[in-house]
Amino acid sequence: MTTSTVIAATGARYRFAGWAAIASGVVSIVAFASLFAYLATQEPVFQATGVMPLVGSALLATSDLGSALQAVLMIPVASALDALNRHNAPGLSRAAFAVGVLALLAVAALRLLTFANPAVPGILFMAPMGFVGLWLIAVNATARGTLSWGLRIVGVLAGV
């Protein structure tokens, strides 16, 4: 009975990570669409008047919140990838997991920081995004036998 309990718990963990990845993708599309809508419609108004329209503020806030939520939703994915890759490269897997989770948390915190202090530049999240890229490269480079070749290539390209 112990084995089936472990398998059920592991399957639930991976299933949750899969749904978190899908949710992260959906949130990412919404965040990108709101940023694109701001740039296409509200940025010209802001440039002409120097005053941020209410719609523009809402679109930028949606983009920032979406980016923060996307990063948080990727943490279960990082955990599942760590569990899958632990046998391939245990030391590198643990280090990559730590870097990935810390970078994802930093991205979320820096995206939310603009709500606490609007004077903080919104581009600060780009530094930890570089570490998210390194995490993706490391995880996908060591996932031989765990992930398909095509999925690993897409993961490395996303990291780059």
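User: Looking at this model, in which hand does H2 pass H4, left or right?
Analyst: Keep in mind that this is a predicted model. The axes of H2 and H4 come within 8 Å of each other. Where H2 passes H4, the crossing is left-handed.

User: And are H2 and H4 roughly parallel or roughly antiparallel?
Analyst: Their axes cross at roughly 160°. Angles over 145 degrees count as roughly antiparallel, so that's the call here: H2 is to H4 roughly antiparallel.

User: What classes of residue make up the contact of H2 with H4?
Analyst: On the H2 side you'll find, among others, Ala61, Leu65, Ala68 and Val72. H4 brings residues including Leu104, Val107, Ala108 and Phe115. Sorted by class, the contact has 2 charged, 3 polar and 10 nonpolar residues.

User: Over in H6, is Leu157 buried or exposed?
Analyst: Leu157 sits in helix H6, residues 149-159. The cut-off for exposed is over 50% relative accessible area. Leu157 has 59% relative accessibility, so it counts as exposed.

User: How far apart in space are Leu157 and Met126?
Analyst: Along the sequence, Leu157 and Met126 are 31 residues apart. In space, going C-alpha to C-alpha, the distance between Leu157 and Met126 is 17 Å.

Key
Residues numbered from 1 in each chain as written. Predicted model: local features only at pLDDT ≥ 70, side-chain atom pairs only at ≥ 80, totals over all residues. Heavy atoms only, no water. Helix = DSSP H or I, 4+ residues; strand = E, 2+ residues; numbered from the N terminus. Buried < 20%, exposed > 50% of the residue type's maximum accessible area, 1.4 Å probe, protein only. Axes fitted to C-alpha atoms, helices over the stretch in contact; angles between N-to-C directions. Parallel < 35°, antiparallel > 145°, perpendicular 65-115°, else oblique. Left-handed = near helix turned anticlockwise from the far one by under 90°. Contact = heavy atoms within 4.5 Å. Nonpolar A, V, L, I, M, F, W, Y, C, P; charged D, E, K, R; others polar.
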